[in-house]
Amino acid sequence: MNPTYTHAICRLPAPDFADGLTTSDLGRPDFQTMVAQHGGYVSALQALGLAVEVLDPLPGHPDAYFVEDAALMFPEVAVVTRPGAAARRGEEAAMAPVTARHRPQVALEAPGTLDGGDVLVIGKRVFAGRSERTNEEGIEQLGRLLAPHGYTVTAVPVAAGLHFKSSVNWVGGNTLLVSPAFADREELRGFDLLVADPAEEYATNTLLINGTLLMPAGFPRTRALLEPLGLPIVELDTSEARKMDGGLTCLSLRF
Ligand code: CIR
């Protein structure tokens, strides 16, 4: 169940990245700091053995460096998404030729919408958050596209946070790191849940890469929750992406 990733796709943030969508009140992010943090993220993936393809910024799409939302990568197939925010529509078309170099490709169609940030894959189980960005039709289409490859797709309502993976992530074995809002969801029954402190919900956006946990820097209670798992933990500063409602999972497509 624990995939070994060999590749990642990232995209450089553009100088106008602060014009992207956000609901945060953490202030306007700084471009040079963002570029430095993005570089640190790419280096961390490379240090874990991934070949990272770093795409140029996409003119007119200040959120396009959150590449995870524009495509899904499975061992068998790439899925071109249909982002739920009108302002982000078009990112998927720019990503499609890139992912098509690695996998046979299928695509979601209108009126379905789906952001990759709402999709959590654990082996052959796929959880898809029904959110402001991802609708029922998008989830149903995803289920139909993945069924031939043996995946089951379970919809989970996202009542808090932007995306499902803003609040729920797999940290290895049978364990999920979740925000308190997801502590009692019946769809997640059967998993061991590590429930983050309410003051550290952002840190649930932790990423397991080849046996190492990448977590956002500065969340000691979440780190203390994760340490008993016995995995190496690398903290990365994501302060500027956070100001744009993004984090570690959003910044790459991993496969
Ligand atoms: C947006 O609102 O779409 C971007 N500013 C943030 C997207 C973050 N992506 C993710 O969580 N997968």
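How far is an oxygen atom of the ligand from an N or O atom in the side chain of R133? The distance is 2.7 Å. Keep in mind that this is a predicted model.

**Ligand site**

The ligand is surrounded by 14 residues. The closest are L21, R88, R133, M244 and C250.

| Side chain | Ligand atom | Distance |
|---|---|---|
| D63 | nitrogen | 2.9 Å |
| D69 | nitrogen | 2.9 Å |
| R133 | oxygen | 2.7 Å |

For D63, the atom involved is a side-chain N or O. For D69, a polar side-chain atom faces a ligand nitrogen at 2.9 Å.

**The three-stranded sheet**

Three strands form an open sheet in the order β6-β7-β8. The pairing is mixed. Strands β6 and β8 (152-157) stand at the edges. Each has a single partner strand, so one side of each lacks a neighbour in the sheet. From one strand to the next, the twist averages 20°.

Strand β7 covers residues 125-130 and runs parallel to β8. Six bridges join β7 and β8. In this part of the model, F127 stands opposite T154 of β8.

Helix α3 spans residues 136-146 and lies across β6, β7 and β8. The helix runs at about 165° to β7.

**Nonpolar cores**

In soluble globular proteins, nonpolar side chains tend to be buried together. The largest nonpolar core here holds 24 residues. Within this core, F164 and L176 touch the most other members.

What does L176 touch, leaving aside its neighbours within four places in sequence? Its contacts are L120, I122, V168, N169, W170, V171, L188, F191, D192, L193 and L194. Another core lies apart from the largest one. This other core has 23 residues, including A8, F17, L45 and L236.

**T212 in strand β13**

Residue T212 lies in strand β13. Is T212 buried or exposed? Its relative accessibility is 8%, so T212 counts as buried; the cut-off for buried is under 20%. Beyond its neighbours within four places in sequence, T212 is in contact with L48, L207, P232 and V234.

Key: Residues are numbered from 1 along each chain as its sequence is written. This is a predicted model: local features need pLDDT of at least 70, side-chain atom pairs count only at pLDDT 80 or more; totals for chains, interfaces and linings use all residues. Side-chain values use heavy atoms; hydrogens and water are left out. A nonpolar core is a set of buried Ala, Val, Leu, Ile, Met, Phe, Trp, Tyr and Cys residues joined through side-chain atoms within 4.5 Å. Buried means under 20% relative accessible area, exposed over 50%, partly exposed in between (1.4 Å probe, protein chains only). Contact means heavy atoms within 4.5 Å. Two strands pair if DSSP finds at least two bridges between them. Helices (H or I, at least four residues) and strands (E, at least two) are DSSP runs, numbered from the N terminus. Axes are lines fitted to C-alpha atoms, for helices over the stretch in contact, and angles run from 0 to 180 degrees between N-to-C directions. A residue is near a molecule or strand if one of its heavy atoms lies within 4 Å of it. A polar contact is a pair of N or O atoms within 3.5 Å; within protein, one must be able to donate a hydrogen and the other to accept it, and residues adjacent in sequence count only if both atoms are side-chain atoms.
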